[in-house]
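This briefing is intended for a reader who wishes to examine the fold element by element. Please keep the sequence and the coordinates at hand while reading.

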Amino acid sequence: MNILQLISSEGYYGAESMLLALARTLPGLGCGSHVAVFRDARTHSGELETRAARHGLNVETVPCAGRWDWQTVGLIRKLVERLGVDVLHTHGYKADVYGYAAAWPNRVALVATCHNWPSRRLSMRAYAALDRVTLRQFDRVATASGPVAEILSRWKVSAHKLKTIPNGVDMEPFCALPPRGREFSSGAELLVGFVGRLVPDKGGALLLSAAQAVLAVFPNAKFVFAGEGPARAEWEELAVKLGIASKDVFAGTRDDMPAVYASLDVVVLPSYNEAMPMCLLEALAAARPVVATAVGAVPKVVVPGVTGLLCEPGDAKALSAAILRLLRDPELGRTLGSHGRAHVTRYFAADVVGRSYIGLYQEALHDRWRRTDLPAVWQRSRS
């Protein structure tokens, strides 16, 4: 099978990390693997293409003038033909809509991964609704969490098309961590890290509120925010208002995440809304102790008291208590981190998840062939 991953990317976040891990894994499982990224002057960053090319993947850019560009539909059709694509795998509403419009004349199988719709903005809710309607026409739709699958089911996506497949992480970069760096610390500080996009739903403001209680007990603690996003200025202002700005480091987007994780004593994700966050998979792959909120599929990754600690979303007191528990008991942190790495290796490693996706691709191709009048010999040659 020849697989093309299609995405509109504004940076390197969870969906991009999941896509890259899958695209890197597929060749080792006997599949052709290609990546295509929309090139839009308003939002395009180029980070995904750079990382994909660094790993030797075939990367294509698809020019797109705006929200809807019929020329882009034609370019995707030509790309599918040129690469001999069997399955077009889309990620996100823009890729879903363009992929659906481009795919039908090529009789290519359509698979989507529905990562989440976390934004509360009215415009994004409208795009999410369009996306859900479009996904009814796909051959198969994967979600990383049960709640997202339930939403799709309510929007009349057929149950036989839906499959919950967890995100996968490439274990190798995180299993051989570099020595702890001193970029964020002189060596004496305890580092509590947040990794992800800086948007309100990720709970950074809540973490800053919880930081006050942590710093009252551990004044040598620092809070590192690795990532970028529209909430950064708001969170920086909040840190100043709380009087803890000197204890916060906003590190921006990083391309050395194994080194970042190696430097952290605790990783915290206080989200209000998640599917299956890649940063938790990476943190556990790096054997870091984690604190997270019990939303989406997070409890499947962070098993309370076994692979990490959980608290309810929006509870700053519980969040600070969990962080303090790990800072007070480093041995507990090491145990949770070790169990977390074993858990991720068994259930969320990229090769494990890749095999699940190959099964989904095969199902999608079978359904697509059944609905067309393709000659049987052609079908066999493509299997």
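In which loop does Ala-287 lie? Ala-287 belongs to the loop between H11 and strand S12 (290–293). The model discussed here is predicted.

**Positive phi angles**

- Ala-287 has a phi near 60°, a positive value in a residue other than glycine.
- With a relative accessible area of 19%, Ala-287 is buried, because the cut-off for this class is under 20%.
- Lys-156 is not a glycine either, yet its phi is positive, at about 75°.
- The loop between H6 and S7 holds Lys-156, which counts as exposed at 62% relative accessibility.

**The seven-stranded sheet**

- An open sheet is formed by seven strands in the order S3-S2-S1-S4-S5-S6-S7, and the pairing is parallel.
- Strand S3 (58–63) and strand S7 (162–164) are the edge strands, each of them pairing on one side only.
- From one strand to the next, the twist averages 25°.
- Three bridges join strand S6 (residues 140–143) to S7 in the parallel sense, and Thr-143 has Thr-164 in S7 as its bridge partner.
- Helix H1 (residues 14–25) packs on the sheet, where it touches strand S1 (2–7), strand S2 (32–39), strand S4 (87–91) and strand S5 (109–114). The direction of H1 makes about 170° with that of S1.
- Helix H6 (residues 146–154) also packs on the sheet, touching S5, S6 and S7, and its direction makes about 170° with that of S7.

**Aromatic pairs**

- Eight aromatic pairs are found in a search of the whole structure.
- In one of them, the ring centres of Phe-38 and Tyr-98 are 5.3 Å apart and the planes stand at 55°, so the pair is tilted.
- This pair links distant parts of the chain: Phe-38 is in strand S2 and Tyr-98 in helix H4 (residues 93–103), 60 residues apart. Phe-38 and Tyr-98 are both buried.
- Phe-225 and Phe-250 form a stacked pair, with 4.7 Å from centre to centre and 10° between the planes.
- Because Phe-225 lies in strand S9 and Phe-250 in strand S10, the pair ties together parts that are 25 residues apart in sequence. Phe-225 and Phe-250 are both buried.
- Ring pairs link Phe-194, Phe-225, Trp-235 and Phe-250 into a cluster.

**Strand S8 and its surroundings**

- Strand S8 is largely enclosed by the rest of the structure, because five of its six residues are buried.
- S8 and S9 run parallel and are joined by six bridges.
- Val-192, located in strand S8, counts as buried at 1% relative accessibility.
- Neighbours within four places in sequence aside, the contacts of Val-192 are Lys-222, Phe-223, Val-224, Leu-264, Val-266, Val-268, Ile-323 and Leu-327.
- Val-192 and Val-290 are 98 residues apart along the chain, and their C-alpha atoms are separated by 9.6 Å.

- Helix H8 (residues 204–217) has 14 residues and reaches 20 Å from its first C-alpha to its last, close to the 20 Å expected at 1.5 Å a residue. At Ala-211, H8 bends by about 30°.
- Buried residues of H8 include Leu-206, Leu-207, Leu-208, Ala-210 and Ala-211.
- Among the elements that cover the buried residues of H8 are strand S8 (190–195), strand S9 (221–226), helix H9 (232–241) and helix H13 (316–328).
- Helix H15 (residues 350–370) has 21 residues, which should span 30 Å at 1.5 Å a residue; its end C-alpha atoms are 30 Å apart, in agreement.
- The buried residues of H15 include Tyr-357, Tyr-361, Asp-367, Arg-368 and Trp-369.

**A buried loop serine**

- Ser-271 sits in the loop between S11 and helix H11 (278–285) and is buried, with a relative accessible area of 0%.
- Leaving aside neighbours within four places in sequence, Ser-271 is in contact with Asp-201, Lys-202, Gly-203, Thr-293, Val-295 and Pro-313.

Definitions and conventions. Residues numbered from 1 in each chain as written. Predicted model: local features only at pLDDT ≥ 70, side-chain atom pairs only at ≥ 80, totals over all residues. Heavy atoms only, no water. Helix = DSSP H or I, 4+ residues; strand = E, 2+ residues; numbered from the N terminus. Expected span 1.5 Å × (residues − 1). Bend = angle between axes of the 7 residues up to and from the residue. Buried < 20%, exposed > 50% of the residue type's maximum accessible area, 1.4 Å probe, protein only. Contact = heavy atoms within 4.5 Å. Pairing = 2+ DSSP bridges. Axes fitted to C-alpha atoms, helices over the stretch in contact; angles between N-to-C directions. Phe/Tyr/Trp six-rings, centres within 6.5 Å; stacked < 30°, edge-to-face > 60°.
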